[in-house]
Amino acid sequence: MKRKNVLLAFSCACVLAVSAAPAAVLADETEVTTENETDADVIVEDDTEEETEAETEAARPTYTALDYAVLGEYKGLTVQVDSAEVTDEEVLAEAEDLISYSDAVEWLTEGTVQDGDTVDITYVGTLDGEEFDGGSGDYELEIGSGTFIDGFEEGLIGVEVGETVDLDLTFPEDYYYDDLAGQAVVFTVTVNSIMSVPELSDEVVETATDGEYTDVDSYLEYIRSYLEEDAEDTWLTNVQEALYTALAACSEVTEYPQDLVDYCMDDAVAYYELIASYYSMEYADFIETYFGSEETFMGLLESAVEESLQQELLLMAVAETEGMEISDEEYQEGLERYAEYYGFETAEEVEEYYSKEDLMRYFLMDKVYEFLQENAVIEEISEEETETETETEA
C-alpha cells in the first residue's frame, strides 16, 4: 500500500490540522492549513532520533483484533474507481503549467487584467488608515484562484498594468485572526505586470528545461511517463480507500482497546508538545490558540485516534481470520519497497527510523489490502462517466 498507510513519527496515524500565520494575511485558510501540514512533516523529519528514542520508552500495547471487530463478507467486495488513463489534454495542460513556472514566460508591461491571468502585484492593506501586520507585500496572483479574500481578485479584473486601485473589502466574520474578522479594510494594489505563457515550441521547451529537452515530442513523452506513474499510484490509493470503505460498511468495531487508545493519545499529545516548542509556545497556550480549549482538542484527538484504530482493527481482523503473517522474505521486501518510496538511501535506514513492530504492522496491513484487492470486483469509471454521475447527483 503506498499512500493510505502513511508513516508518521509516532505510532498512531492521527494528525489534526494546525492553522498558523500565513506569509500574507490574505491567504485562504485551506491553503494555510496545507502549508502548515507540510511544516509539521519537516519538523517530524528533523526530529527522527528524538521521537524514535521516546517511542522505545513504552511498548505499544498488543491486542487480538477479533476481540474488538466483527467482520462482514470481505471477499468479493465490489468497488468503483476512476480510470488511471492519462489523456492528451492532461499532458498538454501539464506541459503548459510547467512552462508557466520557467524562464520561458514573459511578463507583459502592457495590457488589462482578465479572469484567469497571473499578475505580479504590490499591495498594502490598511485598517482605519493604519497598515496592519501581514497585509502588505508582493505577490504573483492567479486571478480566480480564491487565494485572497472575497472581492480582492475580482477587483483587479479590468485594471491596466501600471495602474493602482483601492479595494474596499471586509474580512469574513469567521476569519481565523480575531483582530481582522469582520473588519472593513482597504487594499491599495498596483498591477506591475501580467504573465504571458508562450505557445509550445521546440525553442520554448529548450528554454523551459535549460536544454534538458530540445523538442516538443520528447518533452511531452517525459511528462506523460510521470503522469501515468502518478495516475497508477492514485488509482491504487483510490482502490484501497474504496475497499476500506466497503469493508467498514459491512463490518463493525464493537469497542476499542482502551490501553491502546491511551497509548496513542499520549503519543499524539507528545507530538503536539513538540510542535508547540517549534512555535516557541507553551503547550497549553498552543492548544488554546489553535483549538480553543484542551477539552475541545482532546475530543478531536480521541475521535482521530479511534478513526485510525478502526482501520487498523478491521484490517488486522482480516489478517487474523486468514492466518496472515509476514515472512522474513516479505519483511525484507517491505523494507526495500518503503526505502524506495519514502526516499531512504538503504533498507537499513528504514529500520533505524521505525521500530520493527511498527513496520511489521504496516507490512501486514499492506498485505491485507493486496488480499482484498485480489478478491474484489473493481469497476473502473471513465472521466465522462464520473462527470455524468456528478451532474446527476447535483
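Here is a short exchange about this predicted model.

Biologist: What kind of model is this, and how many helices and strands are there in the chain?

Modeller: This is a predicted model, where local features need pLDDT of at least 70, side-chain atom pairs count only at pLDDT 80 or more, and totals for chains, interfaces and linings use all residues. Residues are numbered from 1 along each chain as its sequence is written, and side-chain values use heavy atoms, with hydrogens and water left out. Helices (H or I, at least four residues) and strands (E, at least two) are DSSP runs, numbered from the N terminus. The chain has 12 helices and 10 strands.

Biologist: Where in the chain is confidence lowest?

Modeller: pLDDT is the predictor's confidence in each residue, from 0 to 100. The chain has a mean of 85, and 82% of its residues reach 70 or more. Strand β1 (residues 69-70) is highest, at 98. Confidence is lowest, at a mean of 40, in helix α1 (residues 29-46).

Biologist: How many contacts does the model have for residues 19-25, beyond four places in sequence?

Modeller: Contact means heavy atoms within 4.5 Å. pLDDT stays under 50 over residues 19-25. Beyond four places in sequence, the number of contacts for this stretch is 25.

Biologist: What share of the residues in the chain is buried?

Modeller: Buried means under 20% relative accessible area, exposed over 50%, and partly exposed in between (1.4 Å probe, protein chains only). The chain has 394 residues. Buried residues make up 41%.

Biologist: Which residues do ring pairs link into a cluster with Tyr-123?

Modeller: Rings of Phe, Tyr and Trp (its six-membered ring) pair if their centres lie within 6.5 Å; planes under 30 degrees apart count as stacked, over 60 as edge-to-face and the rest as tilted. By this rule there are 29 aromatic pairs. Tyr-123 and Phe-148 pair edge-to-face, 5.6 Å centre to centre with 70 degrees between the planes. The cluster joins Tyr-123 to Phe-132, Tyr-139, Phe-148, Phe-152, Phe-171, Tyr-175 and Phe-187.

Biologist: How many residues apart are Tyr-123 and Phe-152?

Modeller: Their pair is edge-to-face, 6.1 Å centre to centre and 85 degrees between the planes. Tyr-123 is in strand β4, and Phe-152 is in the loop between β6 and β7. Both residues are buried. This pair links distant parts of the chain, 29 residues apart.

Biologist: Why does the span of helix α5 agree with its number of residues?

Modeller: The expected span of a helix is 1.5 Å times one less than its number of residues. Helix α5 (residues 216-250) has 35 residues, so it should span 51 Å. Its end C-alpha atoms agree, at 50 Å apart.

Biologist: Which ring does Lys-356 lie over?

Modeller: A charge sits over a ring if NZ of Lys or CZ of Arg is within 6 Å of the ring centre and within 35 degrees of the ring normal. Arg-361 lies over the face of Tyr-362, at 5.5 Å from the ring centre. For Lys-356, at 5.0 Å from the ring centre, the ring is that of Tyr-331.
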